[in-house]
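Hi,

Here is the structure I promised to pass on to you. Have a look at it first, and then read on for what turned up inside.

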Amino acid sequence: MILRRLTEHVRTQNWFAVALDFFIVVLGVFIGLQVQEWSLARQEQAQRASIIASLMADIQSDRDEMQSALDRLQLSVSAARYVLEEVGEPASGGTIVSVSLYTIDIDSGVVPFPPEVPIGDEVRPFLWSTLVFSTYPTAALSAYEALVNTGKLELIASDALIRELQTYRQLWVGLEAAQAGSLRPLRHDALFTGHKYGLAPFTETDEQALLRKVSENPELRATIQTVMHYNALRYRQISAIDRNAAHLLDELGARTPSQTRSPSPNG
């Protein structure tokens, strides 16, 4: 209809009407493009909100698993220190870092033991199981991997945050490599040593009988020392990843689209 009117006005040389019709056409196209751009912006914002929510859910799941692991490692180290002290071989104040699989920042070369927790009556019958305990947390990286595989990582719209997510992923790669390459074999060796002396995991063991065996056998004492030091290192490593996760949650929460102004058709 607009084109018919425009043709008629050109034929009658009504230039004002021609200009008015042309302005209406251009205005309509401009408004249409603006509405389309606004709609695309809202779709991208909704997609970004979904991505951030998925990432935050995964990282929170990681933190829950890490906290459980830290609690168990803290108890394990405390149980090992208790047994060694009871047999007259107190543990030193920290463990010397002499293995390359731990890539965390350690200024002095000595990792302090985690804070001690009391060894209650419920733990004493299971001292051997507790001190050789090992936990292997795994990351819930499905949201991050999906972003990488679909090429949508840039939707986060922050190069710094993307780098932090990549660093977080690499921290987990390092932990999982350590768990698979060194820590699982170490636990198997510790359990095998215990079996040689009649110490089975997950079964009650008389505390005095255990202390007597540890006191009389250097192999058991060395095993306890080794497991204790590795668990102290793992406690430090997992703590570092957990701090990184907490920072990421803060950063992602600050970039949640719902906390920013919604785009409007006028920009």
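**Cavities and cores**

The second largest cavity holds about 50 Å³ of space. Please keep in mind as you read that this is a predicted model.

Let me stay with that second largest cavity for a moment. Its lining is made up of L55, D58, I59, A140, L141, Y144, L165 and Y168. By type, seven of these lining residues are nonpolar, none is polar and one is charged. Helix 2 and helix 5 each bring at least two residues to the lining, and helix 2 contributes the most, with three.

The whole structure was searched, and three cavities of 30 Å³ or more came out. The largest cavity has a volume of about 70 Å³. Around the largest cavity sit V132, F133, S134, L183, L186, R187, A190, V227, Y230, N231 and R234. Here the lining splits into seven nonpolar, two polar and two charged residues. Helix 5 and helix 7 each supply at least two residues of the lining of the largest cavity.

Now to the packing. The largest nonpolar core has 29 residues, and L55, I59, I156 and Y168 are the ones that touch the most other members. Two or more core residues come from each of helix 2 (15–86), helix 4 (142–150), helix 5 (159–196) and helix 7 (218–254). Helix 2 gives the most to this core, with eight residues.

What does I156 touch, leaving out residues up to four places away in sequence? The list is R48, I51, L55, L147, L161, I162 and L165. There is also a second, separate core, with 25 residues, including V77, V83, L84 and F113.

Last, a word on helix 6, which covers residues 207–216. Within helix 6, E207, A209, L210, L211 and V214 are buried. The N-terminal end of helix 6 is capped by D206, with a side-chain oxygen 3.2 Å from the backbone nitrogen of Q208.

Best wishes

Methods. Residues numbered from 1 in each chain as written. Predicted model: local features only at pLDDT ≥ 70, side-chain atom pairs only at ≥ 80, totals over all residues. Heavy atoms only, no water. Core = buried A, V, L, I, M, F, W, Y, C linked by side-chain atoms within 4.5 Å. Buried < 20%, exposed > 50% of the residue type's maximum accessible area, 1.4 Å probe, protein only. Helix = DSSP H or I, 4+ residues; strand = E, 2+ residues; numbered from the N terminus. Contact = heavy atoms within 4.5 Å. 1 Å grid on protein atoms, 1.4 Å probe; cavity = no way out; pocket = protein on both sides within 12 Å on 5 of 7 lines; lining within 4 Å. Points joined across faces, edges and corners; volume = space filled by probe spheres on them. Nonpolar A, V, L, I, M, F, W, Y, C, P; charged D, E, K, R; others polar. Polar contact = N/O pair within 3.5 Å; in protein donor to acceptor, adjacent residues only side chain to side chain.
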